Amino acid sequence: YMNRVRSSRRLEAETVRNLEVIWLMGRLRPDHKTIARFRHDNPEALKQVFRQFVKLCVGLGLYGRELVAIDGSKFKAVNSGDRIFTEKKLREKIARLDAKIEGYHQEMDEADRREDAASTELTKEEIAAVIASLSKAKTDCEGYASALSESEETQIALTDPDCRLMKSGGRIEPSYNIQTSVDSKNKLLVDFEGTNKARDKNNQAPMANRTAELLEVENMTVVAEMGYDCATEIADCVMNGIEPHVAGVDITVCFPNDEPQSE
């Protein structure tokens, strides 16, 4: 992972060619299906391993435990852009399918009027098969639209159902927004959380509170970019002994009289 080798097939290859991995694995050589299944079945256990490592680093004094930075990064999902839909995208696709189906119906009528059906590009049977395929695609899209309207979501992804369309590097792709917190002393990661919300706005307090818990501190300073500008999140941090600093935000304006007091 440190060397950006993440896919199960590439990890399988590393177990037979990479001396570091061969040593680390004790010469075990799991195939890619075993690796993929293990990751799929043990997400919480893997997260706990990471947290135990953080606690080990705390005990070794590798974290300063005073200043932490929080930020989000867009990680591209497995889902293709053609396999994720918004309500607008579904309406447009259904309209295109309707137009295609109507066009093929007209072609069938034209074939009926001709004496020599073989002169057409497609036979009536072939056209009927195409219409059936398009009709099924339309029915599927209508089902997706119905499921989307009944949920509180704004997008539906078919391959990777949890991912969402997000803007990253000037492009809009199916992605996850991975929130991370990093300690300032040795730039070591403290905590992470995968979300499918494109904006960072409501993630500062949860990340800061979990980071303080992992570092076993009651007071610390957290810095974040302006995307984390949210008064309720800032208040939550302050009430839990965390001093938040958000780019472009004056915390004294949020609490002009005094620090917020819990009820």
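Strands β1 (67–76) and β7 (residues 220–224) run parallel and are joined by 4 bridges, where two strands pair if DSSP finds at least two bridges between them. Helices (H or I, at least four residues) and strands (E, at least two) are DSSP runs, numbered from the N terminus. The model is a predicted one, in which local features need pLDDT of at least 70 and side-chain atom pairs count only at pLDDT 80 or more, while totals for chains, interfaces and linings use all residues. Residues are numbered from 1 along each chain as its sequence is written, and side-chain values use heavy atoms, with hydrogens and water left out.

Within this pairing, Val-68 stands opposite Val-222 of β7. On its other pairing, β7 is joined in the parallel sense to strand β8 (residues 242–246) over 5 bridges, and there Val-222 stands opposite Pro-244. The C-alpha atom of Val-222 is separated by 9.9 Å from that of Met-207, and the two residues are 15 apart along the chain. Met-207 is found in helix α7 (residues 204–215) and is buried, with a relative accessible area of 1%.

Helix α8 (residues 231–239) has Glu-233, Ile-234, Ala-235, Cys-237 and Val-238 as its buried residues. After α8 comes Gly-241, which has a positive phi, near 80°.

The aromatic rings come next. Rings of Phe, Tyr and Trp (its six-membered ring) pair if their centres lie within 6.5 Å, and planes under 30 degrees apart count as stacked, over 60 as edge-to-face and the rest as tilted. By this rule there are 2 aromatic pairs. In one, the rings of Phe-50 and Phe-192 have centres 5.0 Å apart and planes at 75°, so the pair is edge-to-face. Because Phe-50 lies in helix α4 and Phe-192 in strand β6, this pair ties together parts that are 142 residues apart in sequence. Phe-50 is buried at a relative accessible area of 18%, while Phe-192 counts as partly exposed at 27%. In the other pair, the ring centres of Phe-85 and Tyr-144 are 6.1 Å apart and the planes are at 15°, so these rings are stacked. The charged end of Lys-47 sits over the ring of Phe-192, 5.7 Å from its centre, by a rule that asks for NZ of Lys or CZ of Arg within 6 Å of the ring centre and within 35 degrees of the ring normal.

Where does the lining of the largest pocket come from? Helices α1 (8–17), α2 (19–24), α3 (32–41) and α4 (43–59) and strands β1, β5 (171–183) and β6 (189–195) each supply at least two residues, and α4 gives the most, with 8 residues. The residues of this lining divide into 24 nonpolar, 9 polar and 10 charged.

Terms used. Nonpolar A, V, L, I, M, F, W, Y, C, P; charged D, E, K, R; others polar. Buried < 20%, exposed > 50% of the residue type's maximum accessible area, 1.4 Å probe, protein only.
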